[in-house]
Amino acid sequence: MSDNPSSRAGRPDLATNVRIAVLRLSRRLRSESGALTEAQHSVLSALVHIGPMSPGQLAEHDKVQRPSMTRTVAALEERGLVTRAANPEDKRHVVVAATDAGREMVKEIKRRRNAWLNRGLARLTPAERETVAQAAVILRRMVER
């Protein structure tokens, strides 16, 4: 049995509570992506925020295998959210870039996710919102180490 008093009392410990809350929050935010899968949103967002990349660079960025990235890029291209073109520096290679529609999609997903979060935050007391603000800073620091 754990030495943590809350575990002994049958309540989850801090790590468990944070893990469950973060996973549920992440799942709920992902549901605001609409018709895009999370993989598609991740690729499209990277192209919007970082710039055009080769499929290999995208696969490395998202830590997936190249065949998976090829399928994701093909699905995004079919929807008109990205384009593939010859690399201007090496015509044998392809560069993937977000289209205007892709950039608008990323903005819309961000807007929907923020709107959902803002509705939830509005239900909190000012003191609770301050606690969440402090927790957000601490959580970011934890993942950036």
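Predicted model: local features only at pLDDT ≥ 70, side-chain atom pairs only at ≥ 80, totals over all residues.
**Legends to the close-up views**

View 1. Read from the N terminus on, the elements follow the order α-α-α-α-α-β-β-α-α, and the residue ranges include 38-49 for α3, 55-62 for α4 and 66-78 for α5.

**View 2. Overall dimensions and contacts of the protein chain.** The radius of gyration of the protein chain is 20 Å, whereas a compact globule of 145 residues would have one near 15 Å. Along the principal axes, the C-alpha atoms fill a box of roughly 65 × 35 × 25 Å. Of the 145 residues, 23% are buried, and of the contacts between residues at least 6 apart in sequence, 50% join residues at least 24 apart.

**View 3. The largest nonpolar core.** This core comprises 17 residues, and Leu44, Leu47, Leu58 and Val82 have the most contacts inside it. At least two residues of the core are supplied by each of α3, α4, α5, β2 (94-98) and α6 (100-122), with the largest share, four residues, coming from α3.

**View 4. Surroundings of Leu44.** When residues up to four places away in sequence are not counted, Leu44 touches Leu36, Leu76, Leu81, Val82, Ala98, Gly102, Met105 and Val106.

**View 5. Surface and charged side chains.** The accessible surface of the protein chain amounts to about 10300 Å², and carbon and sulfur atoms account for 56% of this area. The side chains include 26 positive and 16 negative ones, and the centres of these two sets lie 4 Å apart.

Notes:
Residues numbered from 1 in each chain as written. Heavy atoms only, no water. Rg over C-alpha atoms; globule rule 2.2 N^0.38 Å. Buried < 20%, exposed > 50% of the residue type's maximum accessible area, 1.4 Å probe, protein only. Contact = heavy atoms within 4.5 Å. Areas by Shrake-Rupley, 256 points an atom, 1.4 Å probe, with all protein chains shown as cover. Lys, Arg positive; Asp, Glu negative; His and termini not counted. Charge placed at Lys NZ, Arg CZ, Asp CG, Glu CD. Core = buried A, V, L, I, M, F, W, Y, C linked by side-chain atoms within 4.5 Å.
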